Amino acid sequence: MKFLDLAKVYIRSGGGGGGCVSFRREKYIEYGGPDGGDGGKGGSVIVETVEGLNTLIDFRYQQHFFAKNGQPGMGNQRTGRDGDDIILRVPVGTEVLDEDQETVIGDLSELGQRIVLAKGGNGGFGNLHFKSSTNQAPRRANPGQPGVERTIWLRLKLIADVGLLGLPNAGKSTFLAATSNARPKIADYPFTTLHPNLGVVGVDNVEFVVADIPGLIEGASEGRGLGDLFLGHVERCAVLLHLIDGTSENVVEDYQTIVTEVERYGAGLADKPRVIVLNKIDALSAEDLAEKTAELAAVAGPVMQMSGVASQGVIDVLRTLRSNIDADRLRQKKGEEEPQKWHP
């Protein structure tokens, strides 16, 4: 299944049916009086989160959604049938934006959550509604209200506990493949990952979700590369796992590149707890490992060591991530706003 995290959708709710002008006609009843029914209500356009989806790809092939109109009223006091609603089924974590792509209409972060995007028009009153003591035979009826037409944007921000950050080829996809059932594409060239991948990771009988996004490069916050398009998918994460390629010539520069782009991106990413990991340690000598770890720790604070390929230090990293996730959930229960920094 292809990945799509932004879709433009055109919607229109149904118009209400018009009221009916009708009079009772029966044998031996000379003045039957008005019996025109009301029109039916138009269908609404509703967005709802469902299970089993993690992409908006369905909206690439269908962008127009028009709800049914209500049926007109009929004689014999019969009300017209209501128009059917249209439900847009989206993944959990979808934001609904107005046409300007800035105004947030709704944030669907829970399963089964619903938002009415365009309400159907009310049906018009039939002439029976206008009968009074001074007007026994009204010949007027209301037309139904027209539907609402609008353009919206759907933007998906994946719901994950851990977000993977790093330069291209830092080993993010290898880590995800080694620790979960996800099977991302892995190769020895930059930008192997072209779209986010989700994996369920387990440690000590506890599972959590990890999101792997395309690698960032310098200038990503200004639109260079691919990673800036997907940084929104780690906005909701409890902790960020920052992987640094241990075989790089300058690990400090690699670290600072990512930190700078995260800070420029904004949206509170820079304030999230981060676990700094020097990856690919199986390819380093003991001397190089100690030197690069010390250089990195001088600017980044506590640094963990890991090799996703050789499975060295992976369990320790997973346990550290889990402790950060537990701490974040505890903060949410207590209502604390400021996240605490990670300490080993």
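1. In this predicted model, R319 belongs to helix α5, which spans residues 314-334. With a relative accessible area of 42%, R319 is classed as partly exposed, because that value falls between the 20% limit for buried and the 50% limit for exposed.

2. The contacts of R319, leaving aside residues up to four places away in sequence, are with V203 and D204. The side chains of R319 and D204 form a polar contact at 3.0 Å. These two residues are 115 residues apart along the chain, and their C-alpha atoms are separated by 8.0 Å.

3. Six strands form an open sheet with mixed pairing, in the order β10-β11-β9-β12-β13-β14. Its edges are β10 (197-203) and β14 (304-305), each of which pairs on one side only. Within the sheet, β9 (residues 162-165) and β12 (residues 239-245) are parallel and share four bridges. G163 has L240 of β12 as its bridge partner.

4. Two helices that pack on this sheet deserve a remark. Helix α2 (residues 172-179) touches β9, β10, β11 (206-212) and β12, and its direction makes about 50° with that of β10. Helix α4 (residues 286-300) touches β12, β13 (274-279) and β14, and its direction makes about 160° with that of β13.

5. The charged end of R12 is placed over the ring of F66, 4.0 Å from the ring centre. R140 lies over the face of F130, where the distance to the ring centre is 3.9 Å.

6. As to ring–ring pairing, the count is one aromatic pair when ring centres must lie within 6.5 Å.

Definitions and conventions: Residues numbered from 1 in each chain as written. Predicted model: local features only at pLDDT ≥ 70, side-chain atom pairs only at ≥ 80, totals over all residues. Heavy atoms only, no water. Phe/Tyr/Trp six-rings, centres within 6.5 Å; stacked < 30°, edge-to-face > 60°. Lys NZ or Arg CZ within 6 Å of the ring centre and 35° of its normal. Buried < 20%, exposed > 50% of the residue type's maximum accessible area, 1.4 Å probe, protein only. Contact = heavy atoms within 4.5 Å. Polar contact = N/O pair within 3.5 Å; in protein donor to acceptor, adjacent residues only side chain to side chain. Pairing = 2+ DSSP bridges. Axes fitted to C-alpha atoms, helices over the stretch in contact; angles between N-to-C directions.
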